[in-house]
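Today I'm looking things up in one structure and jotting down what I find.

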Amino acid sequence: MCIHCGVCMGRYFCSKCKFFDYDVSKNQYHCNECGICRIGGEENFFHCNKCGCCYSSLLKDSHRCIEKAMHHNCPVCFEFLFDTTKDITVLPCGHTIHLGCVRQMEQHLQYSCPVCSKSFCDMSRVWENLDEEVASTPMPEMYQNKMVWILCNDCGEISEVSFHIVAHKCLKCKSYNTRKTASASCSSRMEEMIR
């Protein structure tokens with residue numbers, strides 16, 4: 001309230017942010033570690049010091065920490081995540097993204113993280129369908145003994161597998177979320193160069 005004229009400037013006020021808001025149904029609260037006001041009620045969130053942001057209390061003991069996880073743009077819509085007012089989700093790999101963007105990806109049959117390519121939901125039924133499709137699609141004789149090196153996006157394993165036009169299955173985790181790569185020796189040399 002204005003001490004001179006009595007006008008209500010807002011029903012929520014943060015003296016640190018100098019922020020006024022009339023709609024208190026958003027359950028605003030100030031997070032000292034983030035240094036900004038957030039919505040959703042302080043009792044429903046916790047601040048992760050390693051990630052450098054506030055997460056839902058439901059994730060307190062189950063999220064995978066990634067340093068400064070929300071100090072970047074959403075990998076789909078490119079809106080800065082740290083101070084967004086839209087709902088955010090943490091994928092099993094630890095990368096953060098708008099919940100609405102994940103739902104849009106699912107509508108377009110995209111089920112892997114746009115940052116690291118790891119599957120973010122249970123794909124076992126899809127892999128079973130691909131097993132059947134691979135089994136029912138014999139390769140021409142000239143390709144039956146062809147081998148290729150693959151990198152699994154889900155477990156990170158590099159394997160040599162039989163070439164198939166439909167898909168390549170990881171020998172370790174049985175995922176089809178794979179991509180062709182150079183041989184294991186070339187891949188390890190590339191990893192050494194990156195380090």
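This is a predicted model: local features need pLDDT of at least 70, side-chain atom pairs count only at pLDDT 80 or more; totals for chains, interfaces and linings use all residues.

I started with the contacts of His30 (contact means heavy atoms within 4.5 Å). Not counting residues up to four places away in sequence, His30 touches Tyr12, Cys14, Lys16, Cys17, Gly35, Ile36 and Cys37. I found His30 in strand β3, residues 29–31. Strands here are DSSP runs of E, at least two residues, numbered from the N terminus. His30 counts as buried because its relative accessibility is 19%; buried means under 20% relative accessible area, exposed over 50%, partly exposed in between, with a 1.4 Å probe and protein chains only.

Residues are numbered from 1 along each chain as its sequence is written, and side-chain values use heavy atoms, with hydrogens and water left out.

Next, Cys155. I located Cys155 in the loop between β9 and β10, and its relative accessible area of 28% makes it partly exposed. Leaving aside neighbours within four places in sequence, I see Cys155 in contact with Cys170, Lys172 and Cys173. I also checked Cys155 against Asn27: they are 128 residues apart in sequence and 40 Å apart in space, C-alpha to C-alpha.

Then I looked at the sheet. Three strands form an open sheet in the order β10-β9-β11, with antiparallel pairing (two strands pair if DSSP finds at least two bridges between them). β10 (158–162) and β11 (178–181) are at the edges with a single partner strand each, so one side of each has no neighbour in the sheet. Four bridges join β9 (residues 147–152) to β11, and I noted Thr178 in β11 as the bridge partner of Cys152. Ile158 lies in β10 and is partly exposed at 22% relative accessibility.

Last, the largest pocket. I define a pocket on a 1 Å grid over the protein atoms alone, as an open set of points where a 1.4 Å probe fits, with protein on both sides within 12 Å along at least five of seven lines; lining residues have an atom within 4 Å of a point. Of the 28 lining residues, the closest to the centre are Arg38, Ile39, Phe45, Thr84 and Lys86. β2 (19–21), β4 (36–38), β6 (53–56) and β7 (88–90) each supply at least two residues of that lining. I also checked Ile39 against Ile158: their C-alpha atoms are separated by 44 Å, and they sit 119 residues apart along the chain.
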